[in-house]
Amino acid sequence: MLSLDADRLYWIRCSALWVNPDHQGGEHPATLRYLRTNWKGVQNGDDKCRDLPGVLEVTPEGELIDGLHRHKIAQEKHGDPLMLCKVTAGLTGAGKSGLYLDVNRTHARHAVDRYKNAARAGTEDPVY
């Protein structure tokens, strides 16, 4: 388990990050398909996955708060690369869930949007 300082950026290996299903929603098949097709991440011989849109947001313990889909596709494309992460501290369970919901609102991920994503991907969204 990691123990990092808050409000800093770190290069963290994908395998050190983890997802807590109590605070995260499920994966969106259409988002995964889109990222696989339009992946911009590259490694320049230093094992760091660069050129991604934004940074992953994690807790000091390495719990992934924002970046679930980028994390998964980076592992598929590059194995176990280092990814740039911003550490956010002091979140309770409710705070983590609230932050996840805020991220969903930013990306316009309402129930209808999730249904449309699942329909486009040709699979049922198990959450709804």
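1. To start with burial: 38% of the protein's 128 residues count as buried, buried meaning under 20% relative accessible area with a 1.4 Å probe and protein chains only. Bear in mind that this is a predicted model, where local features need pLDDT of at least 70, side-chain atom pairs count only at pLDDT 80 or more, and totals for chains, interfaces and linings use all residues. Residues are numbered from 1 along each chain as its sequence is written, and side-chain values use heavy atoms, with hydrogens and water left out.

2. The layout has four helices and six strands, taken as DSSP runs (helices H or I, at least four residues; strands E, at least two) and numbered from the N terminus. In chain order they read β-α-β-β-β-β-α-β-α-α. Of the contacts (heavy atoms within 4.5 Å) between residues at least 6 apart in sequence, 76% join residues at least 24 apart.

3. Ile12 is worth a click. Leaving aside residues up to four places away in sequence, Ile12 touches Leu2, Leu4, Leu17, Val58, Pro81, Leu82, Met83 and Cys85.

4. Next, have a look at α2. Its buried residues are Leu68, His69, Arg70, His71, Ile73 and Ala74, and they pack against α1, β3 (49–50), β4, β5 (64–66) and β6. After α2 comes Gly79, whose phi is positive, near 85 degrees.

5. Last, Cys49, which sits in strand β3. Is Cys49 buried or exposed? Cys49 has a relative accessible area of 3%, so it counts as buried. Its contacts, again skipping residues up to four places away in sequence, are Trp11, Trp39, Gly41, Val42, Gln43, Ala74, His78, Pro81, Leu82 and Met83. For the Cys49–Ala74 pair, the C-alpha atoms are separated by 7.4 Å, with the two residues 25 apart along the chain.

Terms used:
Buried means under 20% relative accessible area, exposed over 50%, partly exposed in between (1.4 Å probe, protein chains only).
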